[in-house]
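Thanks for opening this one with me. Here are a few numbered notes to read beside the model.

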Amino acid sequence: MIDPTAIVDSSAQFGRNVRVGPYAVIGPHVVIGDDCEIGPHATVYGPTRIGAQNRIFQFASIGAEPQDKKYSGEDTRLEIGDRNTIREFVTINRGTVQDKGVTRIGDDNWIMAYVHIAHDSVVANRIVFANGASLAGHVDVESDVILGGFTLVHQFCRIGASSFASMGSCIKQDVPPFVTVAGNPAAPYGVNSEGLRRQGFTRDEVVALRQAYRVVYRSSLRLQEALQKVEEIARDRPVVSRLADFIRQSQRGIVR
């Protein structure tokens, strides 16, 4: 159902059972999948493709031009997966040609009010962004991450899977998987044990990750020496190899 006060471009494409609320604006080159709900006064600009069963609340701004001075009207896009909840005043911008040309949001994410996701960021699945969290451009967030309210992430950072950032964290370097960070600048505060338990990690896996964490953050070893020790642990505990791989691939360096 499309409210008669909504403004919908003739090129927009809707799946089955899409609801568009009063005074919403759906621009050209927008594709919205089945069973989506677009709230009152929300705006969706294209090129944007939205999957199925998403709820976009009132006053959200989805698919607008990137906030980048280098942007000159190029044909970039936004892609959103399925079953996401996008709350009030969220802003998600399209990509830029200086990077991938696309901003991507995965599935089953909970994006709370006033969150900003900038151009060329990639957000995976089952993520919670609390009120006011913001990603600068080119940020890569892996699955099952929680960002506390008003957390800020610097451009080009990576946030590893199943990590947790406390309220008001200022992240300037990569956050390894499974780690809790807090503060400005964000510093490590242990393994995200409670989050891992809720996600179904076994006790042995959590113990192994704690052991690897102590090697990286509590020993006197240099990072490359610590990484060798972590790789030794990973031989018997495959879950630790995800931590080792992330550290090895980090371009900005990990939070310390």
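1. A nonpolar core here is a set of buried Ala, Val, Leu, Ile, Met, Phe, Trp, Tyr and Cys residues joined through side-chain atoms within 4.5 Å. Buried means under 20% relative accessible area, exposed over 50%, and partly exposed in between (1.4 Å probe, protein chains only). The model is predicted, so local features need pLDDT of at least 70 and side-chain atom pairs count only at pLDDT 80 or more, while totals for chains, interfaces and linings use all residues. Residues are numbered from 1 along each chain as its sequence is written, and side-chain values use heavy atoms, leaving out hydrogens and water.

2. The largest nonpolar core has 69 residues, and I38, I62, I117, F129, L135 and V240 touch the most other members. Among the elements that each supply at least two residues are β26 (179–182) and α3 (223–234); α2 gives the most, with eight. Helices (H or I, at least four residues) and strands (E, at least two) are DSSP runs, numbered from the N terminus.

3. Look next at F129: leaving aside residues up to four places away in sequence, its contacts (heavy atoms within 4.5 Å) include W110, M112, I117 and L135.

4. Two bridges join β2 to β5, and Q13 stands opposite V31 in β5.

5. How many disulfides (pairs of cysteine sulfur atoms within 2.5 Å) are there? The count is zero. For C170, the nearest cysteine sulfur, that of C157, is 9.1 Å away. C170 is buried, at 16% relative accessible area.

Note on methods
Disulfide = S-S within 2.5 Å. Pairing = 2+ DSSP bridges.
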